[in-house]
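I opened this entry to keep track of what I looked up in the structure, beginning with the place where the chains meet.

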Protein chains: 2
Amino acid sequence: MFDLFDGQTVGGKVIINLSSDTPATMRRAAEWAAQQGATLIVGGVMVPEELVATDSSYVFYSGPETVVRRYESMLAVIGRVDFVGEDPALAQLFYQAQLTIFLTSLAAYLHATALVGSAGLGSDVILRYATETFDNLSYYLPEAAENIASGQHPGEAASIVMMSATADHIVGASTEAKLDLALPQAVKSLYDRAIAAGHGGETWTSLYKVIVQ
Amino acid sequence: MFDLFDGQTVGGKVIINLSSDTPATMRRAAEWAAQQGATLIVGGVMVPEELVATDSSYVFYSGPETVVRRYESMLAVIGRVDFVGEDPALAQLFYQAQLTIFLTSLAAYLHATALVGSAGLGSDVILRYATETFDNLSYYLPEAAENIASGQHPGEAASIVMMSATADHIVGASTEAKLDLALPQAVKSLYDRAIAAGHGGETWTSLYKVIVQ
């Protein structure tokens, strides 16, 4: 963005940046724009290219709400306008939060397919099971969000200790199959550190405490 | 399992092991059972405790199919019997493949919530977006499975290079938010190595080649 506007006069203009960068960079960019007498609106486009401007398209926006609303009908051509707050960083934080789920889950799917592939089975075999697993994941989220909000992570049904045994077996199975270990080891490391911090009897949402440490 | 049967006479028996371990351990256990004149059936229970013996319960089984079928009506009490092959390791490989998706995706959800939480927003804010993202993920799987099967990863719509920029920004945003970096760095590392191996212009399924070697 800085390259693009280098040497240009932007005073009085509204700049809407839909490219992705870190939240801190967006906050700096908003300050820079303000110094030039311009207003920065930060956007994060939430659908792949082929879905832009379709009904399933939506875009996170952050910055001054009155400015976002002024251009809302124009912006709606790209996708649904989802205003998430005045802090310019927010649109990118929401974007990156969603993409964290997206990139990580899809990498996990590839790893799962490789595990079954190590026994000589094709990618078609695990497809319907992977689909079922993804389609059931959001079942676990409302309670997870409550646990995070309350800071309570009751582990009666399935504890960190139980689930860490599986995380260990996945690393073991991946090692036996000579697969890359970066992803399963990262997951195992979260479980290991939760146990080390004394959360072994709590449920998996307790990993949140390791992530925010 | 070995501890459990130590000193016992198991000749002529069918042992059905529903506990989890690595595929190689299961193959060793099957050999051990055969040496004792017993038959090992390996199972992997695919639902949490509270759903066992309900309609949504299913269990992967591997080992001699005739033996699995002989006990199928008894086993169906636990959940649907899903026979996946004669290789004793398979039930555990299928189990661990599914749990790879499960544990990794849920950890990614926690990380996403922590990212948005770093701007002071509660876990309720990202919940509906996370739900939407999980519910849409399986849309990408059929084409992914085809790419893996064919070894072709055409990257017209979204390339590894484009998606790696996001993987980098997630590490950057997580660093700024002082979050644990193990998980986002593992994902970034897959993208970095795919680019280093010359797959930057292909689509994300090309990460499979990094995972299997």
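I looked up the contact between the chains first, and it takes 83 residues from chain A and 82 residues from chain B, two residues being in contact if their C-beta atoms, placed from the backbone, lie within 7 Å. This is a predicted model, in which local features need pLDDT of at least 70 and side-chain atom pairs count only at pLDDT 80 or more, while totals for chains, interfaces and linings use all residues. Residues are numbered from 1 along each chain as its sequence is written, and chains are lettered from A and ligands numbered from 1 in the order in which they are written.

Next I took helix H9 (residues 182-196) of chain A with helix H9 (residues 182-196) of chain B, which pack at an angle of about 180 degrees with their axes 9 Å apart; axes are lines fitted to C-alpha atoms, for helices over the stretch in contact, and angles run from 0 to 180 degrees between N-to-C directions. H9(A) is therefore roughly antiparallel to H9(B), a label for angles over 145 degrees. Among the residues that make this contact I listed Leu183(A) and Ala186(A) of H9(A), and Leu183(B) and Ala186(B) of H9(B). The residues of this contact divide into 8 nonpolar, 2 polar and no charged.

I then turned to the strands of chain A. Strand E2 (residues 39-45) of chain A has 6 of its 7 residues buried, that is, with 20 or more other C-beta atoms within 10 Å of their own. Strand E1 (residues 14-17) of chain A runs parallel to E2(A), joined by 4 bridges, and strands pair if DSSP finds at least two bridges between them. E2(A) and strand E3 (residues 58-62) of chain A run antiparallel, also with 4 bridges, and I noted Tyr61(A) in E3(A) as the bridge partner of Gly43(A).

Last, I checked chain B, where an open sheet of 4 strands has the order E1-E2-E3-E4 with mixed pairing. Strand E1 (14-17) and strand E4 (80-85) of chain B each have a single partner strand, so one side of each is left without a neighbour in the sheet.

How values were computed: Helix = DSSP H or I, 4+ residues; strand = E, 2+ residues; numbered from the N terminus. Parallel < 35°, antiparallel > 145°, perpendicular 65-115°, else oblique. Nonpolar A, V, L, I, M, F, W, Y, C, P; charged D, E, K, R; others polar. Buried ≥ 20, exposed ≤ 12 C-beta atoms within 10 Å, placed from the backbone.
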